[in-house]
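Hi everyone, thanks for coming. I'll walk you through one structure today, starting with the ligand and then moving out into the rest of the chain. Have a look at it first.

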Amino acid sequence: MTLIKTLKQWQESENNVTPERIYLNRRKFMTKSGVFAASAVGGMLAANKLLLAADGTPLKKLPHQKTQYNPGEELTTEQAITSYNNFYEFGTNKTDPAKNAHRLTIEPWKVKVMGLTEAPGVYDIDDLIDYNNLEERIYRLRCVEAWSMVIPWVGVSLASVLEKLKPLSTAKYVRFQTKLDTEEMPWTLTQGLDFPYVEGLRMDEALNPLSFMAVGLYGKELPKQNGAPMRLVVPWKYGFKSIKSIVSIEFTDQKPLTTWEKSAPHEYGFYANVNPNVDHPRWRQGKERRIGEFRRRETLMFNGYEEEVAHMYKDMDLTKFY
Ligand SMILES: Nc1nc2c(c(=O)[nH]1)N[C@H]1C(S)=C(S)[C@@H](COP(=O)(O)O)O[C@H]1N2
Ligand SMILES: [Mo]
């Protein structure tokens, strides 16, 4: 059965990399994973069901323009994209988010905008995202754990969102925060990570045409495990920069302290640009496993987006780990 064969493949890739969680309190983690351990196949079937919205209805289609961004590589399957996830608020195993993220309530969805802006306030998602002008973008996603996917996102440029929020010229960075609700996300109470999940970009990075705010994938609304109702996609950076389920946007002149940098500063830099020549202390970055493939492939500088983004880092020493 292909389902099971594919699953084996994912399991293998999961076993071959040390997950990001590994430095977390091991004992805490062991009890936790014991509680949530489910047979792999059971997990897969549960994940399968969650291609539907939490109330059992199919995810709504999102009308969108065809993509101008396409690396021309085979797409990762919708099944894999929506059942092999990192979303630690819903558990640390790859199959946890698909099983647990249905608990996330996304309606209504408000976003708090603050800091160095002319337009602070609480916005409804519909004020931020122009649903009549959605586009599709096919991007590579490269996790620092050395696996990768090719994902057809639907959304808007991040610049189109930030322009609406009128940042002041003194804003040098933008800081994003994920929703935190300990009833919906009880897993956050027992983990070594400091929630809410925080990420950030320098303003020029945020305004780079590649930076994207996704509200869907495969032509439909984002499943919750993928960061519904809106999540960042920064394709030239390691996946942890692409923060999910965003509820706050803050413009600041201080470099934000991100969740992963705070937890392990020697392992996760602020910039986190994909770089095959600079190894993470625990994972070599020269190669990656594309989910769905067996052989490892070469990792590309800036994940293949060098032409679009390298100019932003010309004054930085790229042999250093940031
Ligand atoms: N809020 C939040 N955002 C997050 C994460 C997370 O744990 N919490 N994981 C990150 C990591 S490590 C990766 S690789 C990507 C995975 O996105 P996907 O599950 O949609 O493929 O989401 C990123 N965004
Ligand atoms: Mo990741």
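Okay, let's start at ligand 1. There are 17 residues around it, and the ones that come nearest are Asn 85, Tyr 88, Glu 89, Thr 178 and Lys 244. Keep in mind that this is a predicted model.

What kinds of residues make up that shell? By class, the shell around ligand 1 has 7 nonpolar, 6 polar and 4 charged residues.

Now zoom in on the nitrogen atoms of the ligand. Glu 89 has an N or O atom in its side chain that is 2.9 Å from a nitrogen atom of ligand 1. Thr 178 also takes part through its side chain: one of its polar atoms lies 2.9 Å from a ligand nitrogen. With Asn 86, look at the backbone, where an N or O atom lies 3.2 Å from a nitrogen atom of ligand 1.

So how much of ligand 1 does the protein cover? On its own, the ligand has 530 Å² of accessible area, and the protein covers 100% of that. And where does ligand 1 sit? In the largest cavity.

How many does the structure hold? The count is 21. I picked one to show you: Lys 220 and Glu 78, whose side chains meet with an N to O distance of 2.7 Å. That pair links distant parts of the chain, since Lys 220 belongs to strand 8 (residues 220–221) and Glu 78 to helix 4 (residues 78–81), 142 residues apart.

Last stop, the backbone. You'll find Pro 108 in the loop between helix 5 (96–100) and strand 1 (110–115). Then go to Phe 195 and Pro 196: the peptide bond joining them is cis, and omega is near 5 degrees. Pro 196 is in a loop too, between strand 5 (173–178) and strand 6 (198–202).

One more thing to look at is Ala 146. Its phi is near 75 degrees, a positive value in a residue other than glycine. Ala 146 is in the loop between strand 3 (135–142) and strand 4 (147–157).

Technical notes:
Residues numbered from 1 in each chain as written. Chains lettered and ligands numbered in written order. Predicted model: local features only at pLDDT ≥ 70, side-chain atom pairs only at ≥ 80, totals over all residues. Heavy atoms only, no water. Near = heavy atom within 4 Å. Polar contact = N/O pair within 3.5 Å; in protein donor to acceptor, adjacent residues only side chain to side chain. Areas by Shrake-Rupley, 256 points an atom, 1.4 Å probe, with all protein chains shown as cover. 1 Å grid on protein atoms, 1.4 Å probe; cavity = no way out; pocket = protein on both sides within 12 Å on 5 of 7 lines; lining within 4 Å. Sits in = over half its atoms within 2 Å of the grid points. Nonpolar A, V, L, I, M, F, W, Y, C, P; charged D, E, K, R; others polar. Salt bridge = Lys/Arg side-chain N within 4 Å of Asp/Glu carboxyl O. Helix = DSSP H or I, 4+ residues; strand = E, 2+ residues; numbered from the N terminus.
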